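The sequence and the model come first, and the notes follow.

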Amino acid sequence: DIEELVHAVGQEDNDGLGVDVDDFCKTNWKDDIGERGRRIYEWWRTVMNERSGVIPQFCKAVRLVVLSQASSAAVERVFSQLTFIRRVVGDNTVRDMLELRAFVRCNQ
């Protein structure tokens, strides 16, 4: 459960006091998605280092999941280019020609 992981990571901070507020910026680290993810990954890393011989493929799978970033930016850029092409050539263009123009604009 993700909440158990977050709670366990929070207990390890600040000499075991479990303080959730960062002294530098006076914010709760649980509200920062990057810091929360980093702490959960660090917890997983320490657990996997201790038990790496038990399930070696699981350790590798966790690393791959953490390192892959899901982003829709590339897809959004393609749709933006398709919208631009449609504005220039109109809606009656042949599908193959639209695909070719999008390929040329996106993969220069």
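Arg39 sits in helix H2. The model is predicted. In it, the side chain of Arg39 makes a polar contact of 2.7 Å with that of Glu35, and the structure holds three salt bridges. By the rule applied here, there is one cavity of 30 Å³ or more.

**Arg39 and Glu35**

- Arg39 has a relative accessible area of 16%, which is under the 20% cut-off, so Arg39 counts as buried.
- A salt bridge links Arg39 to Glu35, with 2.7 Å between the closest N and O atoms.
- Arg39 and Glu35 are four residues apart in helix H2, so about one helical turn separates them.

**Glu35 and Arg38**

- Glu35 also forms a salt bridge with Arg38, at 2.7 Å from N to O.
- Both of these residues belong to helix H2, where Glu35 and Arg38 are three residues apart, about one turn of the helix.
- Arg38 has a relative accessible area of 43%; this value falls between the 20% and 50% limits, so Arg38 is partly exposed.

**Asp91 and Arg86**

- Another salt bridge joins the side chains of Asp91 and Arg86, at 2.8 Å from N to O.
- Asp91 is exposed because its relative accessible area of 58% is over 50%.
- Arg86 has a relative accessible area of 44% and is therefore partly exposed, between the 20% and 50% limits.
- Through salt bridges that share partners, Glu35, Arg38 and Arg39 are joined into one network.

**The largest cavity**

- The largest cavity holds about 60 Å³ of space.
- Its lining consists of Tyr41, Trp44, Arg45, Met48, Asn49, Cys59, Val62 and Arg63.
- Helix H2 (33-50) and helix H3 (56-67) each contribute at least two residues to the lining of the largest cavity.
- Helix H2 gives the most to this lining, with five residues.
- By residue class, the lining of the largest cavity comprises five nonpolar residues, one polar residue and two charged residues.

**Helix H2 across the topics**

- Helix H2 holds Glu35 and Arg38, and Arg39 is placed in helix H2 as well.
- Helix H2 also supplies five residues to the lining of the largest cavity.

Technical notes: Residues numbered from 1 in each chain as written. Predicted model: local features only at pLDDT ≥ 70, side-chain atom pairs only at ≥ 80, totals over all residues. Heavy atoms only, no water. 1 Å grid on protein atoms, 1.4 Å probe; cavity = no way out; pocket = protein on both sides within 12 Å on 5 of 7 lines; lining within 4 Å. Points joined across faces, edges and corners; volume = space filled by probe spheres on them. Nonpolar A, V, L, I, M, F, W, Y, C, P; charged D, E, K, R; others polar. Polar contact = N/O pair within 3.5 Å; in protein donor to acceptor, adjacent residues only side chain to side chain. Salt bridge = Lys/Arg side-chain N within 4 Å of Asp/Glu carboxyl O. Buried < 20%, exposed > 50% of the residue type's maximum accessible area, 1.4 Å probe, protein only.
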